[in-house]
Amino acid sequence: MVTTRKKRVAMTEKLKKDVFMACVVRVSREILPYGSFKAVGETHKIHPRTVANLWYSTLKQISGYQPNTPLDPVSLLANVPETAFTTKFENSGRNPKHDRDMLLQEIKNIDPTARRTIRSLAGAVGIPVMTIWRMKQSKKLKVHTMALKPKLNDEK
């Protein structure tokens, strides 16, 4: 039997807030009742484990919350930080091996004839060609073509 996997739902900020609010609404007698994650997951079409992960990660971000203590819905909503539901990842990924600003200074000091192509520029600076190409893609380096031909003169 072949099973097909369900597509993942993109967890937007609005969806995260809605799921957390649905869990907060279900809090009764200062606890979250059994089966709440499954019920909220079914209404929002996401896995119950995803609901649980969102619930517990948001509770950890609330200042003054202690695990295994009674839940108060009003204080939960009042103390949720603004950044609890963000989907933007900053400072993610590998740090660059070469300092881009330092490379730009080195490139400016190289003779223009030695930096006509990406390959010759990379060889003159001593860094990989892909690093130069990525700098060009990120608009840190600008392609410059020279209209003047210094080796041509009127004497010939």
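At what angle do the axes of helix 1 and helix 3 cross? I am working from a predicted model, and in it I find that the two axes come within 10 Å and cross at roughly 85°. Since angles of 65 to 115 degrees count as roughly perpendicular, I therefore note helix 1 and helix 3 as roughly perpendicular to each other. I then listed the residues that make this contact, which are K16, V19, F20, C23 and V24 on helix 1 and V51, L54, W55 and T58 on helix 3. Sorted by class, the contact has 7 nonpolar, 1 polar and 1 charged residues.

Next I looked at helix 1 by itself. Helix 1 covers residues 13-26, and its 14 residues reach 20 Å from the first C-alpha to the last, close to the 20 Å expected at 1.5 Å a residue. Its buried residues are L15, K16, V19, F20, C23 and V24, and I see these packing against helix 2 (36-44), helix 3 (48-61) and helix 4 (73-78).

Last, I went through the aromatic rings, for which the count comes to 3 pairs. Because F37 lies in helix 2 and Y56 in helix 3, the pair ties together parts that are 19 residues apart in sequence. I noted F37 as buried, at a relative accessible area of 18%, whereas Y56, at 43% relative accessibility, counts as partly exposed. I also recorded that ring pairs link F20, W55 and F85 into a cluster.

Notes:
Residues are numbered from 1 along each chain as its sequence is written. This is a predicted model: local features need pLDDT of at least 70, side-chain atom pairs count only at pLDDT 80 or more; totals for chains, interfaces and linings use all residues. Side-chain values use heavy atoms; hydrogens and water are left out. Helices (H or I, at least four residues) and strands (E, at least two) are DSSP runs, numbered from the N terminus. The expected span of a helix is 1.5 Å times one less than its number of residues. Buried means under 20% relative accessible area, exposed over 50%, partly exposed in between (1.4 Å probe, protein chains only). Contact means heavy atoms within 4.5 Å. Axes are lines fitted to C-alpha atoms, for helices over the stretch in contact, and angles run from 0 to 180 degrees between N-to-C directions. Angles under 35 degrees count as roughly parallel, over 145 as roughly antiparallel, 65 to 115 as roughly perpendicular and the rest as oblique. Ala, Val, Leu, Ile, Met, Phe, Trp, Tyr, Cys and Pro count as nonpolar, Asp, Glu, Lys and Arg as charged, and the others, Gly among them, as polar. Rings of Phe, Tyr and Trp (its six-membered ring) pair if their centres lie within 6.5 Å; planes under 30 degrees apart count as stacked, over 60 as edge-to-face and the rest as tilted.
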